[in-house]
Amino acid sequence: FQFLNRRYHPIKIYKLFIINMDTWSTKLCDNHSTELVCTTMLLPCVQYGLNYQKYERMYVDAHSHCIAPVVTYFASHLLGSLYTTALIMLTGLPLSPDIPICIGSHIGQACYTTRLRRRVRDKYNIDGNIYEDFITHLLCHPCALCQENAQLNKGFELSIKNDMAGY
């Protein structure tokens, strides 16, 4: 490496192109408000709709509503359970009908809600990938919704502070 002097060492040049990835504002199983936890546990479709509405109002459309995401969430839940039940019936596996409905509904909602988690991750430059997002929603769906809500609230607070600083 005689042609390289100390000032332009390859490692230092490489460090110029590293993109700093952020982390979520809360951990997956952090303590959240009782209201948020109750809403997420009892009505996850409503919490997803509220998260979606926050994201859309902050970054896309100021007049978005949470009704369409709630309906589509419920439809993905239903379609996932119907698809899995049909698959089990076609294969002839001797399973209780409750098992495929439960598994399919979780897979359906994880497939649908992963999209918003990825968008939030991309917006806030949070490290991760779509597979991690899917597994998080599949295995710990309420916690993932609470974490996304906390991240969106943090982003909303920062955007208000930035708007107030301009005046």
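1. Asn125 counts as partly exposed, at 31% relative accessibility; here buried means under 20% relative accessible area, exposed over 50%, and partly exposed in between, with a 1.4 Å probe and protein chains only. Asn125 is not a glycine, yet has a positive phi of about 55°. Its place is in the loop between H5 and H6. The model is predicted: local features need pLDDT of at least 70, side-chain atom pairs count only at pLDDT 80 or more, and totals for chains, interfaces and linings use all residues. Residues are numbered from 1 along each chain as its sequence is written, and side-chain values use heavy atoms, with hydrogens and water left out.

2. Overall make-up. The chain has seven helices and zero strands, and from the N terminus on its elements run α-α-α-α-α-α-α. Helices (H or I, at least four residues) and strands (E, at least two) are DSSP runs, numbered from the N terminus. Of the 167 residues of the chain, 33% count as buried. The accessible surface of the chain is about 11,400 Å², with 65% of it belonging to carbon and sulfur atoms; accessible areas come from the Shrake-Rupley method with a 1.4 Å probe, and for residues only the protein chains shown count as cover. Among contacts (heavy atoms within 4.5 Å) with a separation of 6 or more, 71% are between residues 24 or more positions apart.

3. Core. In soluble globular proteins, nonpolar side chains tend to be buried together. A nonpolar core is taken as a set of buried Ala, Val, Leu, Ile, Met, Phe, Trp, Tyr and Cys residues joined through side-chain atoms within 4.5 Å. The largest such core in this model has 14 residues, and those with the most contacts inside it are Tyr48, Tyr55, Tyr73, Leu116, Val120, Tyr124 and Leu152. At least two residues of this core come from each of helix H3 (44-59), helix H4 (67-91), helix H5 (98-123) and helix H7 (141-165). H3 gives the most, with four residues.

4. Tyr55. Which residues is Tyr55 in contact with, leaving aside its neighbours within four places in sequence? They are Val60, Leu116, Arg119, Val120, Lys123 and Leu152.

5. Aromatic residues. The structure holds three aromatic pairs. Rings of Phe, Tyr and Trp (its six-membered ring) pair if their centres lie within 6.5 Å; planes under 30 degrees apart count as stacked, over 60 as edge-to-face and the rest as tilted. Tyr48, Tyr52, Tyr73 and Tyr112 form one aromatic cluster.

6. Arg119 and Glu56. A salt bridge is a side-chain nitrogen of Lys or Arg within 4 Å of a carboxyl oxygen of Asp or Glu, and by this rule the count comes to five. In one of them, the side chains of Arg119 and Glu56 meet at 3.0 Å, N to O. This pair links distant parts of the chain, with Arg119 in helix H5 and Glu56 in helix H3, 63 residues apart. Both residues are buried.

7. Arg117 and Asp133. Arg117 forms a salt bridge with Asp133, and their closest N and O atoms are 3.6 Å apart. Arg117 lies in helix H5 and Asp133 in helix H6 (residues 130-139), so the pair ties together parts that are 16 residues apart in sequence. Arg117 counts as buried at 4% relative accessibility, and Asp133 counts as buried at 3%. A network of salt bridges links Arg117, Arg121, Asp133 and Glu148.

8. Arg118 and Asp122. The side chains of Arg118 and Asp122 meet in a salt bridge at 3.5 Å, N to O. Both lie in helix H5, four residues apart, about one turn of the helix. Is Arg118 buried or partly exposed? At 30% relative accessibility, Arg118 counts as partly exposed; Asp122 is partly exposed as well, with a relative accessible area of 48%.

9. Gly155. This glycine lies in helix H7 and is buried, with a relative accessible area of 6%. Leaving aside its neighbours within four places in sequence, Gly155 is in contact with Met58 and Tyr124. Gly155 and Ser25 are 130 residues apart in sequence and 9.6 Å apart in space, C-alpha to C-alpha.

10. Surface patch. Val37, Met41, Leu42 and Leu43 make a nonpolar surface patch of about 410 Å². Patches are made of residues with over 30% relative accessible area and no salt bridge; like charges are joined within 9 Å, and nonpolar side chains (Val, Leu, Ile, Met, Phe, Trp, Tyr) within 5 Å. Leu42 is found in helix H2 (residues 34-42) and counts as exposed, at 69% relative accessibility.
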